[in-house]
Amino acid sequence: MSEPINRPLLQVRKLHLAVEAHGVTPLHTIVEDVSFDLPKGQVLGLIGESGAGKSTIGLATMGYGRGAVRIVGGSVVLNGKDIATMQSRDLQAIRGCEVAYVAQSAALAFNPSHTLMEQVIESAVLHGRSTRKEAQQRARALFATLRLPDPENFGSKYPHQVSGGQLQRAMTAMALCPQPDLIVFDEPTTALDVTTQMDVLAAIKDAISETHVAALYITHDLAVVAQIADRIMVLRNGKMVELGETEQIIHFPRETYTRDLVTVRSEQHNEKPANGDIILSMQGICASYGGEKTKVLEDVSLELLAGQTLAVVGESGSGKSTLARVLVGLLPPTQGTVQLQGAPLHARLQDRTREELRRLQLIYQMADVAMNPRHRIRDIIGRPLTFYFGMNGQERDRRVQELLDEIELGAGFADRFPAELSGGQKQRVCIARALAAKPEVIICDEVTSALDPLVAGGILKLLLRLQEIEKVSYLFITHDLATVSAIADSIAVMHRGHLVRYGSKSEVLAPPFDDYTKLLFDSVPRMEQGWLESAMAGRTKNVA
Amino acid sequence: MKFLNLVRKAPLSAQLGLLLCAAFTLVAALAHWIAPFDSAAIVGDVWMPISTKHWLGTDNLGRDLMSRLIQGTQTTLVIAGLATILSFTLGSVAGFVASVAGGWVDMALSRAVDVLMAIPTLIFALVVLSVFPSTVPVLILVMGILDSTRVYRLARAVAMDINVMDFVEAARLRGEKTSWIVFREILPNALTPLVSELGMRFIFAVLFLSALSFLGLGVQPPDADWGGLVKENKEGIVFGIPAGLAPAAAIALLTIAVNLVADWVLNLTSNVRGEQGNV
């Protein structure tokens, strides 16, 4: 059989990955029947929710399986060599040399006790691809391509001395340094703020086009992958749903699942008219950690109307979560007051009455640590009923059942433990626990951030429906602007502890913008090709 | 039923340990009925050899050693057991409260424990017991309190980790009292490391009691625990009489048995940790 001359760099055929249970059947299949080609210089986006098998496929192209995951069928042919059948010695020669990996958390992937340069050039030198000098030269050139500050001396820094976005770019430089043929990017921008994400994304894109390397780009964010990939493969539960050109996937998706993924982020919530009673108001809140040393909130004044949602938006470090801590009394403010229905709340949690505590509930970002793993769902939801209303026995059981119905979970869930629930279900139980107290205000602290887009969409719909029924108000803290437009009636934008923009949703989202809000809004990836270039161009124009 | 299944799947060493522990417990519980002679009565000559009448021979006063060993099992297990229960209740509650309350409560408790721990346990116990009468309640109290400092350290460290979890904060925001947070939120999650420590602490209590009795400050004659029996019969060893070895063997056997079980429990619970809601 003659080989075609322009055979692709990477050829994956009927890939089957499974977890071996003590070397015998039954195998637990993780990925099944996945095939694709990747020619040189192209980028393939792998997209899917958690558990879709996208990272597993990415690692399989390096012949690596996390834990007990093994390649049990199919072939992974890189440069004409089948990785699936290779011995570990041969794999060693390939990894970090012909194929390199960029991990999600650069902070964890770098060794804190070596300089960045040492780590960036390590694999190039170890594999004998170049001498130390050449590698260092190349690393400096890569630092410049990736737009890192002071590329000549950047390498002499230690990982803790640079920011998260810079570290992620340094890791890209590390992957590119040995001049590999293929790079696997595993969610490289997921842990970054939107404004930083845009920088990193643009840098990675430039580096890819300059070096003509092929890349697998793994992410759960369709808008991000649309900027960088030539083709996109949609995965679900270890099976391929759809594979097509980026243009086709985002504009003309064939499968329902893909269509759901495309549309879920564009949900719009119709803003309620801004009339009604003020339920929660904050006046001139200032807060700091460690006495007066670190100021985290300065002069924040906000009002929340009854039955409405106020979204507090900001990047990490903006003080939005601190605001939640001030409201619930965990961090007494240094100045300013919080009023609930016109009556001032005690600043300290210890001074608040049970009634005050009941009226203001908090839902956490991480549902799995917000519930005691040793309590049954019945007790988790039932405790506020007993605590605030003295309900017991059948009366309590009936109310727990009602609440479970409201959050769209069946009767069978009452006797389960949190560990027996999925991420979305856990968050629903946390919502039910907050609702059980019949509060007037619920503070939602990044409640959808840890969830997959479709699950998060379901939670947002549930919250809106519950707002209709229970007439509860939400203070919704998030970093995600798509979530904001899906739920908010009014918006507060925060930046470094200051309130930079505040008003009804239509006002805040309409120009003229202040500089920071514009930067923030422009940085949110849009589901269209070429957005990244125009956004970057817009940004440089602003700076200039 | 679930327990039986677990036992069937346990490794041989753990099964052996369980069997021995059960045997010791049974002997202790039925001591009054299975001892062939009155343990305080002189029934023969001094240090009689092993015979069909006296399975382990007689002791330094001519009392039946088998009967004394059986009675001693009860004494040892009861005192060590109650002391362990006391040290665990005291140590873990104090540890939990210290970590939950924080501030000056934590400071006061921790420094008090530091002071107690700075004095060698055995010497401290010897001093206390030479002042107070060596009755069984005093013994239990002294051993329990001294051992609770170790439990306090562990409990506080474990509770510190749990205390910063969101679900504890959620309980606080609900307005729950410290007692609810300690017993309902933290305790169920701290049980795993504490239970495995329980076995080890029990063994230390047995050894500690034996040491005290051997030094003459533990259980007082005519009653005797295992350590006391060794003390009574230790002179015999010089003359080639094995009477002192029987109680020593009992101490060794119990120590090993409980250790085997504790190891198994630790493995079992650490496998389950985080994956299952209940143990």
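A salt bridge is a side-chain nitrogen of Lys or Arg within 4 Å of a carboxyl oxygen of Asp or Glu. The views below show a predicted model, in which local features need pLDDT of at least 70 and side-chain atom pairs count only at pLDDT 80 or more, while totals for chains, interfaces and linings use all residues. Residues are numbered from 1 along each chain as its sequence is written, chains are lettered from A and ligands numbered from 1 in the order in which they are written, and side-chain values use heavy atoms, with hydrogens and water left out.

**View 1. The contact between chain B and chain A.** Chain B gives 23 residues to the contact and chain A gives 24 residues, where contact means heavy atoms within 4.5 Å. About 2,100 Å² is buried between the two chains, 54% of it on carbon and sulfur atoms. Buried area is the accessible area (1.4 Å probe) that two parts lose on being put together, summed over both.

View 2. In a salt bridge, the side chain of R325(A) meets that of E169(B) at 3.6 Å, N to O. On the side of chain B that touches chain A, the elements giving two or more residues are α8 (166-174) and α9 (178-214) of chain B. Helices (H or I, at least four residues) and strands (E, at least two) are DSSP runs, numbered from the N terminus. The largest share of this side, 7 residues, comes from α8(B).

**View 3. Helix α6 of chain B.** In α6 (residues 121-131) of chain B, the buried residues are A125(B), V128(B) and L129(B). Buried means under 20% relative accessible area, exposed over 50%, and partly exposed in between (1.4 Å probe, protein chains only). Down the axis of α6(B), the buried residues fall within an arc of 95°, so they line one face of the helix. The arc is that of the directions from the helix axis to the C-beta atoms. These buried residues pack against α7 (136-163) and α9 of chain B. Exposed residues I123(B), S130(B) and V131(B) sit on the face of α6(B) turned away from its buried side.

**View 4. The surroundings of E98(A).** E98(A) lies in the loop between α2 (88-94) and β6 (99-102) of chain A. E98(A) is buried, at a relative accessible area of 11%. Not counting residues up to four places away in sequence, E98(A) touches residues including L78(A), K81(A), R129(A) and D181(A).
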